[in-house]
Amino acid sequence: MDFHDYVEAVRRRWRFVTVCVLLGLAVAAAATALLPRTYTATAQLFIATSDASSEDAYQGGLFTQQRVKSYTRVVTSPAVLDGVISELGLKTSPGRLAEKISAQAPLDTTLVDIRVTDASATRAQTIADATAVQFTKYLATIEGSSAGAPPLVKASVVGGNEPPSTPTSPRPTVNFALGLLAGLTVGVGGAVLRHSLDTTLRSVDDVGTRLGLTALGAVPPPNERRRHGSTRRTEALDQLRTRLRFTTDDGFPGSVLIAGPSPGEGRTRTALDVATSVARTGKQVVLLEADLRRPRLAAETGVRAAPGLADVLTGETPLHEAVQTWGEGRIRVLTCGHAPADPGALISSAAMAHLVRTLENEADLVVIDSPPLLPFADAAALASVARGVLFVVRARTTRSADARRALDTLAAVRADVLGAVLTGTHAEGLTDWQPPDGSDRQPPRSPADHAPEHEPPRSRPAAPVSGGAVRATGRSLGRHHE
């Protein structure tokens with residue numbers, strides 16, 4: 001991962017990072033509020049020799065600097081603390097009292113700093129002062145001469161007596177800084193880890209970088225709120241329609257297969273959206289349900305489920321009797337019909353290819369709904385018949401490995417993949433799209449947007465001479481009514 005990947009990981013999961021930071025700050029606030037307050041009192045001792053001459057005083061200073069390192073250990077000795085306990089009447093032991101007391105000697109000085117921590121600022125200062133006094137007495141004893149002469153080293157109290165005014169623990173500033181740092185570390189680390197482990201497609205950029213496909217559309221869910229008289233979903237479908245129109249030099253392909261790797265990616269919904277959007281411009285559209293495994297088109301549109309495709313392919317029902325008009329009359333629907341015993345064989349038959357060619361001659365666009373590519377072979381067989389394929393993937397659901405496997409299946413049958421449609425996401429990230437020929441054609445806007453689009457004349461392929469069950473219907477599908 002490079003720097004851009006780290007930034008992208010944080011950008012995509014900024015909510016997770018924010019939650020981690022807030023949790024870190026909340027823990028810091030709780031610790032600040034719940035931890036007991038402690039105060040640190042100080043007392044300072046100055047250690048000196050009793051030599052009067054300057055030469056002896058210099059030598060004595062060096063001598064004292066060497067000795068103060070040992071004096072820091074003497075401060076917390078039982079010999080000193082027993083006197084503190086007796087003087088103050090403390091109900092504790094020298095060992096427990098020593099846990100509150102520390103002594104340090106600043107470098108290149110003859111000073112000894114005594115620090116005492118306690119929940120009470122006054123008691124801490126009292127113990128510090130008493131410890132300093134007891135230490136000076138004990139030092140006079142251990143450094144005194146046997147002949148009654150003054151001790152070589154003496155200690156004087158030079159600092160202390162004022163109780164501390166602010167607690168040393170907890171420290172809000174430090175706690176909140178640590179909470180913020182910990183939250184950022186966990187949040188950013190977790191976001192980067194999830195980004196590196198997440199193989200799902202989440203944006204149109206992922207479609208381009210991971211699959212190598214052009215994203216023709218990014219379609220939001222159907223519950224988008226209206227904005228300026230329309231919805232982002234409507235605008236996204238208008239963009240998808242226009243980009244689909246420019247995928248070939250002759251305008252819309254004769255037939256387009258709506259395919260996807262796995263169930264639940266929105267193929268049927270996308271097929272309905274494409275058919276409705278194209279029909280709104282005045283085109284004649286046929287919506288063909290070729291998913292004989294788990295049909296949903298009848299439930300989505302409200303038309304009858306049978307007779308339909310399976311009945312036409314088996315010759316049980318003429319084509320003109322199976323096709324139904326839906327919407328405002330520009331969309332004709334052919335549902336799956338009665339469930340066949342062998343859907344794969346029926347979809348792969350020559351009659352299916354003949355039917356698609358027949359429908360292409362009778363409409364401007366044939367939109368074919370299909371089962372998922374990975375579990376079944378039906379969609380691959382349909383892809384070899386259709387003029388183009390719209391590859392449908394769902395944001396945050398479709399894994400890139402599954403999508404690549406599905407694309408390999410389409411490549412094996414030499415399908416023409418026109419581009420990808422990302423469902424379940426925001427309609428953004430496609431503003432830099434350009435038609436394949438590099439021209440700057442734009443879709444017409446309202447009210448012309450609802451008028452038929454003009455496109456160059458396109459020669460339709462003739463229907464095969466032999467068509468099996470389709471040819472046996474004996475009647476044309478018709479272009480305007482059934």
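Author: The largest nonpolar core has 50 residues, and those with the most contacts inside it are L288, L309, L334, M352, I368 and F391. A nonpolar core is here a set of buried Ala, Val, Leu, Ile, Met, Phe, Trp, Tyr and Cys residues joined through side-chain atoms within 4.5 Å. Buried means under 20% relative accessible area, exposed over 50%, and partly exposed in between, with a 1.4 Å probe and protein chains only. Helix α15 (residues 350–362) gives this core its largest share, 5 residues. Apart from it lies another core, of 27 residues, which includes A43, Y71, V80 and A132. In soluble globular proteins, nonpolar side chains tend to be buried together.

The model is predicted: local features need pLDDT of at least 70, side-chain atom pairs count only at pLDDT 80 or more, and totals for chains, interfaces and linings use all residues. Residues are numbered from 1 along each chain as its sequence is written, and side-chain values use heavy atoms, with hydrogens and water left out.

As to the whole, 45% of the 482 residues of the protein count as buried. Its secondary structure comes to 17 helices and 14 strands; these are DSSP runs numbered from the N terminus, helices being H or I of at least four residues and strands E of at least two. Contact means heavy atoms within 4.5 Å. Among contacts in the protein with a separation of 6 or more, 79% are between residues 24 or more positions apart.

Burial is also found at individual residues. R13, in the loop between α1 (3–12) and α2 (14–34), counts as buried because its relative accessibility is 6%. Leaving aside its neighbours within four places in sequence, R13 is in contact with A191, R194, H195, D198 and R202. The structure holds 0 disulfides, a disulfide being a pair of cysteine sulfur atoms within 2.5 Å.

At 52% relative accessibility, L152 counts as exposed. L152 and T64 are 88 residues apart in sequence, yet their C-alpha atoms are 9.6 Å apart in space. V188, in helix α7 (residues 172–197), counts as partly exposed, because its relative accessibility is 31%.
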